[in-house]
Amino acid sequence: MPTALRQLFALSVLVPLLPLVPSVAGAQWSNRYPRNAGYGHHVYLEGYELPVLSAGATDFAESPIGEQVIASRGWLWRFDAATGVARRLTSGGGVDSRPAWSPDGRTLAFVRDDSRTLAVMVRDMASGRETEVDRGMAMDPAFTPDGNAIIYSNVAAGGDLDLWRYDLASRSRTRLTTDAGIELRPLPHPDGQRLVYLAKSRAADQVRLRTLATAKDVVLLQGNLVSQTRPALSPDGTRLAFNWPGENGWELRLSSTERPGVSILLVGGAGARPIAPAWSADGRHVYFYQGDARQVARLYRVAAVGGQAEEVAVTAWDWQAPTGRIVIETRCPTCAPPTGLGADGDNRDAARLSVTDAAGHPLIPAEGMARFEGQNGRVFFYSPGTVTLEVPVGAVTVRGVRGLATREQVATVTAVAGEQRTSRLDLVPLWEAQRAGWFSGDHHFHLNYGGQFAMRPADLFPMMQGEDLDVATPMLANLHNRFEEQETFSWQSLGSGPLLRWAQEVRSHFLGHVGLLGTSELFWPWVWGPGYEVNGRDDRLNAEPLAFARRQGGAGYYVHPVSGTRAPFSEAGMNSLPVALVADAAHGMVDLLEVVCLWSNSVGTTELWYRFLNAGFPVAPSGGTDVMTDFHRTMAVGTTRVYVRPDGPFNWTSYFAALKAGRSFVTTGPLLDLKVAEQQPGDAIVDGEREVAFTLGVYTAVPVDSVALVVNGRTVWSGAAPDSTGRRSYAGTVRLPAGGWVAARVVGPDITQWPAMAEYAFAHTAPIWIGRTGSTDPGARRAAATELLAALGVAEGRLTTGYAGAEIPALTRYFIEARTTLELLAR
């Protein structure tokens, strides 16, 4: 070992030990587009409300003179329903959607997305000249009946989404709404005096009819989490077509604007998801789109008086410019087994791809769901190993990765008119985790959560293969008071290939969200506590579902526990912790903690986790993305994950046992291989109070700037970070105390590159225990218990306030018992 490195080790244990976690620029993903103050979770705003890119036909609009336009592949297309031919209208790098006609049919307003902002554009149909009206989160344009102005939605500086009026002659803007929450989808009434619009707030989602002169509203519809609802007003203003969640799927319904409250069903059925209703110019039909089994948007229409919906098929796509075809082949030369074979018999392996033309416009296949990830601002899709795209002629850039272990590979191919060209990417992992005995899992995400395309369980396999993800446990969860897709809970695939088993997220919002892994039955109730209309005053513990999971051989799992802060024991931090988490940990009821999640703070969660470990609560780490795979705008499954080291052959039983035992590490990008005294994470070193050898391998496809060893939550060694992405090995010695734990951790700067999608690079091993699992150092134990007592005190105050006026003897007794436990540990 080099002398300088030995001196560094010696120095590290002589100076006062500082908390491990350094300051990092990022915290957690918050927003890609301009921040909206009126929406609780920006991931839902961007996932539910922003436009969608699809290879099929979406966003139908018909002019008063019968000219039709649709959106597809990120451009607008003229459409002739009689012949089925679509001719491309717009071009360029932006993604265009949501067209709206002027009353005279001479002008078209639409939304253009540049991956950072949305702009409302106006196009003169005769000349093709385009003019920008407004930018920011500008969307949902609609012309006033006289054609003199456009009403649309946009974010005011420091505010929320409001409705605005843009006068075309004076080019002046007037704000129309200032309500709390968001207002969007304006639909001017043909009388020019009223306006239908969609309003969403923390209290409810509503479709309102406003009298413009008085700003007085009438509520036409109301619900909670009506994610895809986008009403359409009939040309005469008397009827409202709207899509709304039903018992077994979404429905397309019709109601009166003059006598609201009763509606009739136009389209429905199990699994139905009619999206974006739009009226024909004559008011006789309602058009909508719906995804098929290949996640291709198909256009339909139904008579306004009712009847069978019929497909309005696009039979030909005329690009209005020369096109060629490119074939993209991806392979992992060292991976086995391959997920596909090429025509020449060579191995082909699944991958995540992002493809753009010379203008930067995203290019996607003719089928399969395309997604937009808001960290790096890319449209991506999955390939089984070979995929063919029709593209405009010219330079095409192909970017590909396969899971977190591969660095992004980039190739450029020139598309030639009428010809087929091939682009090949070799995706070689920096570390072959499976061969080293490690298998990866994403233990928190949702298959369907009110998005644009209804996904099936088997649709997860192409994603898992493209992300080199071995295990997935998608979670059933409520959409406020709806408990959907319960029939999928028994669906599982535990044979060869990726393992998939359903889990459940139980949401007592006030007490904290918990995941139940490895269970065979659903826990009821799914929701309770302050904030819910039913069971809102239940004297029920989170320990109930946690114990329910254990009785079935499963595990209880607190998810996204620390959000918005790197300091969970600050006053603000303690007030944001799940109310029941500290009490549950003190009772020994927490099996797993979600240390990495896209929507929470890994650094802050780690600081909380350290206190649990130091207090002697052997909580194992886990990871999950919490993405919604039916969203167009979402991150990729597995981009935060846990790696697990099973004992024996890989299968569900061995994997899950190792996960619960903490034979693991969690990551948003870097991969870690740690041994201390020849022991690995989850193991125990025979005894402490001695110097032992360690080795650490860091394999990272994204930049890192901090590599460290931690003992009982404090840094005892820091290594030089890799100069660039790749591999680096470290070796040395570290002195251990009599009790506690040792682990490794890596942190990086804000991530702006693939394969990662979290805000910054982060990886942490589970503890290697000193002496035995759950052992402690007396000083660290007392300090941790003291801080946990402070957090418990804040939680007790919040409990009393939240349940004011309710009798909660079970909760009160449970918190008192937790306090007693922590007070004993703090002595």
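Student: Hi! Where does Gly 739 lie?
Tutor: In this predicted model, Gly 739 is in the loop between strand E54 (726–736) and strand E55 (740–750).

Student: And is Gly 739 buried or exposed?
Tutor: Gly 739 is buried, as its relative accessible area is 4%. The cut-off for buried is under 20%.

Student: Which residues does Gly 739 touch, leaving out those up to four places away in sequence?
Tutor: Gly 739 touches Asn 712, Ile 770, Ser 775, Thr 776 and Asp 777.

Student: What about Pro 778, how many Å separate its C-alpha atom from that of Gly 739?
Tutor: The two C-alpha atoms are separated by 8.1 Å, and along the chain the residues are 39 apart.

Student: Let's zoom out. How many helices and strands are there?
Tutor: The protein has 10 helices and 57 strands.

Student: What size of box do the C-alpha atoms fill?
Tutor: Roughly 85 × 70 × 50 Å, taken along the principal axes.

Student: How does the radius of gyration fit with a compact globule?
Tutor: It agrees: a compact globule with 827 residues would have a radius of gyration near 28 Å, and the protein has 28 Å.

Student: What share of the residues is buried?
Tutor: Buried residues make up 62% of the 827. As for the surface, the protein exposes about 29500 Å², with 49% of that supplied by carbon and sulfur atoms.

Student: And contacts, what share joins residues at least 24 apart?
Tutor: That share is 63%, counted among contacts between residues at least 6 apart in sequence.

Student: New topic, pockets! What volume does the largest pocket have?
Tutor: Its volume is about 1600 Å³. The lining has 45 residues, and Gly 40, His 41, Tyr 44, His 509 and His 513 lie nearest the centre.

Student: Which element gives the largest share of that lining?
Tutor: Helix H2 (42–49) does, with 5 residues. Strand E43 (512–517) also supplies at least two.

Student: How does the lining of the largest pocket divide by class?
Tutor: There are 19 nonpolar, 18 polar and 8 charged residues in the lining of the largest pocket.

Student: How much space lies in the second largest pocket?
Tutor: About 1100 Å³. The second largest pocket is lined by 47 residues, with Ala 100, Trp 101, Arg 185, Leu 187 and Leu 233 closest to its centre.

Notes
Residues are numbered from 1 along each chain as its sequence is written. This is a predicted model: local features need pLDDT of at least 70, side-chain atom pairs count only at pLDDT 80 or more; totals for chains, interfaces and linings use all residues. Side-chain values use heavy atoms; hydrogens and water are left out. On a 1 Å grid over the protein atoms alone, a cavity is a set of points where a 1.4 Å probe fits but cannot get out, and a pocket is an open set with protein on both sides within 12 Å along at least five of seven lines; lining residues have an atom within 4 Å of a point. Grid points are joined across faces, edges and corners, and a volume is the space filled by probe spheres set on the points. Helices (H or I, at least four residues) and strands (E, at least two) are DSSP runs, numbered from the N terminus. Ala, Val, Leu, Ile, Met, Phe, Trp, Tyr, Cys and Pro count as nonpolar, Asp, Glu, Lys and Arg as charged, and the others, Gly among them, as polar. The radius of gyration is taken over C-alpha atoms; the globule rule is 2.2 Å times the number of residues to the power 0.38. Buried means under 20% relative accessible area, exposed over 50%, partly exposed in between (1.4 Å probe, protein chains only). Contact means heavy atoms within 4.5 Å. Accessible areas come from the Shrake-Rupley method with a 1.4 Å probe; for residues, only the protein chains shown count as cover.
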